Amino acid sequence: SAGGIYPLEIYLIAGDVEGLAAGIYHYQWQDHSLILVRDGDIRKALAKAAWGQGMVARAPISLVFTAVYKRTTAIYGQRGEARYVPMDMGGAGQNVHLQAEALDLGTVIIGAFNDQEVRKVLGIQDEEPLYIMPVGRI
């Protein structure tokens, strides 16, 4: 992360995962843990926010990446939003693709969604949704 600022937030949307209850989980990078934010299967609501993209509703999990731009822009100004956050997001997305491949899973980057609807589904306000990445067996 540019300057070690970590502007990205990651949410795991679980629906059909053995040993993990359906719900929205927030990833805590400090200790690599998941915190349950909301229980229940919200995959259909997330798919609706993604303009009906069926793979979001069908995938056992989706990762939703958001950005808190002010973390980066407070240090780097507009360059943080225009350059450094997208660089962080690209690297994070690539890492998810590589790990999925290593686990014989598939994923795709989805950027076509209604930002405000994704915020509503996640229950967030001061974060900008960037990617939805459904993950599952091909």
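Tutor: We begin with a definition: rings of Phe, Tyr and Trp (its six-membered ring) pair if their centres lie within 6.5 Å, and planes under 30 degrees apart count as stacked, over 60 as edge-to-face and the rest as tilted. A search of the whole structure finds 3 aromatic pairs. The model is predicted, so local features need pLDDT of at least 70 and side-chain atom pairs count only at pLDDT 80 or more, while totals for chains, interfaces and linings use all residues. Residues are numbered from 1 along each chain as its sequence is written, and side-chain values use heavy atoms, with hydrogens and water left out.

Student: Why is the pair of tyrosine 6 and tryptophan 29 called stacked?

Tutor: The ring centres of tyrosine 6 and tryptophan 29 are 4.5 Å apart and the planes meet at 25 degrees. That angle is under 30 degrees, so the pair is stacked.

Student: What makes this pair a tie between parts of the chain?

Tutor: Tyrosine 6 lies in the segment before β1 (8–14), and tryptophan 29 in the loop between β2 (23–28) and β3 (33–39), so the pair ties together parts that are 23 residues apart in sequence. Strands (E, at least two residues) and helices (H or I, at least four) are DSSP runs, numbered from the N terminus.

Student: Why is the pair of phenylalanine 65 and tyrosine 131 called edge-to-face?

Tutor: For phenylalanine 65 and tyrosine 131, the centres are 6.4 Å apart and the planes are at 75 degrees. This angle is over 60, so the pair is edge-to-face. Phenylalanine 65 belongs to strand β4 (residues 61–67) and tyrosine 131 to strand β6 (residues 128–136).

Student: How do you know whether phenylalanine 65 is buried or exposed?

Tutor: Buried means under 20% relative accessible area, exposed over 50%, and partly exposed in between (1.4 Å probe, protein chains only). Phenylalanine 65 has 2%, so it is buried. Tyrosine 131, with 17%, is buried as well. Tyrosine 6, at 36%, is partly exposed, and so is tryptophan 29, at 38%.

Student: Which term applies to histidine 26, and why?

Tutor: Histidine 26 is in strand β2. Its relative accessibility is 16%, so histidine 26 counts as buried.

Student: What makes the approach of histidine 26 to glutamine 28 a polar contact?

Tutor: A polar contact is a pair of N or O atoms within 3.5 Å; within protein, one must be able to donate a hydrogen and the other to accept it, and residues adjacent in sequence count only if both atoms are side-chain atoms. The side chains of histidine 26 and glutamine 28 make such a contact at 3.1 Å.
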